[in-house]
2 protein chains.
Amino acid sequence: MRVGVIGGGQLARMMVPPAIALGIEIHVLAEEPGLSAAIAATAVGDYRDIETVLAFAAHVDVITFDHEHVPQRVLAALVTAGHAVHPGPDALAVAQDKIVMRERLTDIGAPVPDWAVIHDAASLGAFLDAHGGQAVVKTPRGGYDGKGVRVVRAPGDVDDWFAQAAEGTREGLLVEELVDFRRELAQLVARRPSGEVRAWPLVETVQQGGVCAEVFAPAPFAGELPVAARALAERIATELGVTGVLAVELFETSDGRLLINELAMRPHNTGHWTIDGAVTSQFEQHLRAVLDLPLGDPSPITPWSVMVNILGGPVGATMPERYGVAFGDRPEVKFHSYGKQSRPGRKVGHVTATGAELEDTVARARAAAGFFQA
Amino acid sequence: MRVGVIGGGQLARMMVPPAIALGIEIHVLAEEPGLSAAIAATAVGDYRDIETVLAFAAHVDVITFDHEHVPQRVLAALVTAGHAVHPGPDALAVAQDKIVMRERLTDIGAPVPDWAVIHDAASLGAFLDAHGGQAVVKTPRGGYDGKGVRVVRAPGDVDDWFAQAAEGTREGLLVEELVDFRRELAQLVARRPSGEVRAWPLVETVQQGGVCAEVFAPAPFAGELPVAARALAERIATELGVTGVLAVELFETSDGRLLINELAMRPHNTGHWTIDGAVTSQFEQHLRAVLDLPLGDPSPITPWSVMVNILGGPVGATMPERYGVAFGDRPEVKFHSYGKQSRPGRKVGHVTATGAELEDTVARARAAAGFFQA
């Protein structure tokens, strides 16, 4: 059994340990040498180049992804050549373009914020007028970790993006209501091609500057929401034909409703806690799913898991340089380094604490993470 | 931080996932291509060749081991060249030769079976006469998994070994009383060069034909033995200057005493349950210890963990070929494949079940393992 992963980042890296455990061969097509998943990089090349990707695919049984940026023409070439691709091109199309995502979610009746496609300041102005004078504009493609997202309050606030769009595509920008939310949640599920779906517990996520900072698993004080969130994510996975892990990022609105923020069709930062806190991690489950093997038990193994991301501090420092003090202080916390040089704001690793009491678990996770932040 | 592991077997393989998680570079010197630890094999060569080992060591910060067979002259050359070696040559000498082991354990007052060194049938006959007509004879070097061990009842029962020894060394054979034991136990600890020692819970091991078949963690019905076993293993680690994981295999005698059977100075089959059942696995702990980093918490994360080895069945079958049925039946069990072709009796992987009740956990682990046994 050989799984090929396109992209050499930390998500590919974190697929390697469960692949080793299960005896599944893992091959990575990395963009350049020395990336996070270098230990499994059997090829280095451009994922936008059809010949490069087809040559890579010839050595594996199924192709999956570290990211969602592989162009549809490359995905189509893989399928035409007879390769198994999970998630498939049709599902990935929904994750690759935020306008397509809103259209498809609206089609299946999933709850989303009010949205529209805009092509100029006038249409943005009309949307603002209808939504209390504020909104969020997103570029349909290429955004992540807060990039390509802007809160707007005047029709001219994204004139620079309209100018860029005019040169490039004609697809326009996505505008959405600025959701009045109580907190952010994430529901992860995995689905295999033959249809089986398994869900991890609903989690709460804390974002800082558009970047995931902390995750509490399960989501505290969630009332009836876990049941609704799980049913929603399972329905989306099934109706969109997602294979592998699907992450559904959610708003809990101030009046207690769930609205879908984003979808990701791969292991996701809000699921890193599963490595240390669940019977089956999202990375093992993704491998099982894309190989169409029976899925593992996603149950938590501890009452609470808390994950805190390590964002890069001073340039040049790596996590292991600080292990002496961090390990000594927190022998029970699990440390994860992505093998990256630190840059301000860059995700270079994460820590996960588990425990019987939420407050104590949060405190220990934050203390452990603190050793790596300037 | 770069750890070099001499030997490319499953123990080196299982060090790779925690190395990836922690961002520790791991290099393996494998005996040949395609072994269990091939994914981290940066060199292929003979561990008995000084030049090969020195060249490998030049790229890492510390040298450790997948097995205990590296000759003392090679270890001495590493130390002379200034390389950190853990466990060190003096400690390893005790694990490499069963006569040296008995001598050292006797020196420090650790409880061992009656033993003697014999050079001929007459001295074996004298030992048999003094021990009720039965005993165990062991070759001092090279034995494992029941090889090099023979139960004897007549002075001539190991004449073939005496004949071989006469051609080779003058060291003789080890003879020991045949211990009347209630069951077998194992106590694992880890020690770092600066002195910190951490102990996992005492476990019970079930051997079949000299090979570890099952491990129950913690050892059920052990009464006061865990306290004594832990103190004993910690004392041995400290007095012998062991660095890394030390496994102390023990007999619980029919009259309730502990006697030391064997020592191993590396991660050990009786500690595989820690991957899925403890906060810090023996493989992560070994990496921390040999790098002289603070040790992790060895506490169990679940009331019971049960490990069952997979011994090879029909030639040619690999574990993944049977995942479809095994995963479907036991979604909560953790499966570990060593990436080996199956041969009758060969250890090709293991499974670990965890749970709240021992009997149920044993049943689930055995059921899972059963899918891989002919």
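Start with a pair of helices: A:Gln72, A:Leu75, A:Ala76 and A:Val79 of H3(A) meet A:Pro89, A:Leu92 and A:Ala93 of H4(A); contact here means that the C-beta atoms, placed from the backbone, lie within 7 Å. Sorted by class, the residues of this contact are 6 nonpolar, 1 polar and no charged (Ala, Val, Leu, Ile, Met, Phe, Trp, Tyr, Cys and Pro count as nonpolar, Asp, Glu, Lys and Arg as charged, and the others, Gly among them, as polar).

Before going on, some housekeeping. This is a predicted model, in which local features need pLDDT of at least 70 and side-chain atom pairs count only at pLDDT 80 or more, while totals for chains, interfaces and linings use all residues. Residues are numbered from 1 along each chain as its sequence is written, and chains are lettered from A and ligands numbered from 1 in the order in which they are written. Helices (H or I, at least four residues) and strands (E, at least two) are DSSP runs, numbered from the N terminus.

Back to the helix pair. Two packed helices are described by the angle between their axes and the distance between the axes. For H3 (residues 72–80) and H4 (residues 89–96) of chain A, the angle is about 170° and the axes are 10 Å apart. So H3(A) runs roughly antiparallel to H4(A). The axes are lines fitted to C-alpha atoms, for helices over the stretch in contact, with angles from 0 to 180 degrees between N-to-C directions. Under 35 degrees counts as roughly parallel, over 145 as roughly antiparallel, 65 to 115 as roughly perpendicular and the rest as oblique.

Zooming out, chain A is divided into domain 1 (2–85), domain 2 (114–177) and domain 3 (181–370), with bounds from an automatic or database domain assignment. The C-alpha centres of domains 1 and 3 of chain A lie 23 Å apart. Their contact takes 16 residues from domain 1 of chain A and 15 residues from domain 3 of chain A. On the domain 1 side, H1 and strand E4 (62–65) of chain A each supply at least two residues. The largest share of that side, 8 residues, is from H1(A). By class, the domain 1 side has 10 nonpolar, 3 polar and 3 charged residues.

H1 turns up again between the chains. There, 35 residues of chain A are in contact with 35 residues of chain B. Helix H1 (10–22), helix H11 (323–329) and strand E17 (334–337) of chain A each give at least two residues to the chain A side. H1(A) has the largest share of that side, with 6 residues. The chain A side divides into 21 nonpolar, 10 polar and 4 charged residues.

How do the two copies relate? Chain A superposes on chain B by a rotation of 180° with 0.0 Å of shift along the axis (RMSD 0.0 Å). Therefore, this is the relation of a two-fold axis. The superposition is by least squares on the C-alpha atoms of residues with pLDDT of at least 70 in both. Of chain A's residues, A:Pro17 comes closest to the rotation axis, its C-alpha at 2.2 Å. Both copies use the same surface: 100% of the contact residues of chain A recur in chain B.

Last stop, burial. In helix H10 (residues 282–290) of chain A, 9 of 9 residues are buried (20 or more other C-beta atoms within 10 Å of the residue's own; 12 or fewer is exposed, in between is partly exposed). Among them are A:Phe283, A:Glu284 and A:Arg288. A:Asp292, with a positive phi near 55°, follows H10(A). A:Glu262, in strand E15 (residues 258–264) of chain A, is partly exposed because 17 other C-beta atoms lie within 10 Å.

Methods. Contact = placed C-beta atoms within 7 Å.
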